[in-house]
Amino acid sequence: MNLSFNDTELEVVRLAAAREGMSPASWAGRQVMAVAQHVLVPVSRDAGDVLRELVQARVHLRETVAALRSLTATDPPVAGVAESAASVVEEALKAVARVDAATVAVMRERRPRS
């Protein structure tokens, strides 16, 4: 199988391979197999940016939920505070679920092929 790249594309491949300590041919072969086996799903640059933002938001939301849960774990519970915090935790969990769904949707996007 022969692959051809313009100079810019080849430089991108070389840099990516170097980051992983691989030859460009080995790196490209691994990526081709990952796409063929549906382990790696190519997405547009814009979708990739959105996906990275969603992943960061997801991490932040999970950290927020953990912090909120620690607030509700007071013993004895502080009147009203635990209930308020529990409500905020539930809303944060709903936000995490929405971000998870959006992340999966972007990950499933495939670049149109011509």
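Helices (H or I, at least four residues) and strands (E, at least two) are DSSP runs, numbered from the N terminus. By this rule the chain contains four helices and zero strands, in the order α-α-α-α along the sequence. The model is predicted, so local features need pLDDT of at least 70 and side-chain atom pairs count only at pLDDT 80 or more, while totals for chains, interfaces and linings use all residues. Residues are numbered from 1 along each chain as its sequence is written, and side-chain values use heavy atoms, without hydrogens and water.

Of the 114 residues, 21% are buried; buried means under 20% relative accessible area, exposed over 50%, and partly exposed in between (1.4 Å probe, protein chains only).

Helix α2 has 13 residues and spans 18 Å from its first C-alpha to its last. This is close to the expected 18 Å, where the expected span is 1.5 Å times one less than the number of residues. The table lists residues of α2 by accessibility.

| Class | Residues of α2 |
|---|---|
| Buried | W27, A28 and A34 |
| Exposed | A25 and A36 |

The buried residues of α2 are W27, A28 and A34, and they cover an arc of only 125 degrees around the axis, which puts them on the same side of α2. The arc is that of the directions from the helix axis to the C-beta atoms. These buried residues pack against α1 (7-19), with contact meaning heavy atoms within 4.5 Å. A25 and A36 lie on the other side of α2.

H38 follows α2 and is found in the loop between α2 (24-36) and α3 (45-72). Most residues other than glycine have a negative phi. The phi of H38, however, is positive, near 60 degrees. H38 is exposed, at 52% relative accessibility.
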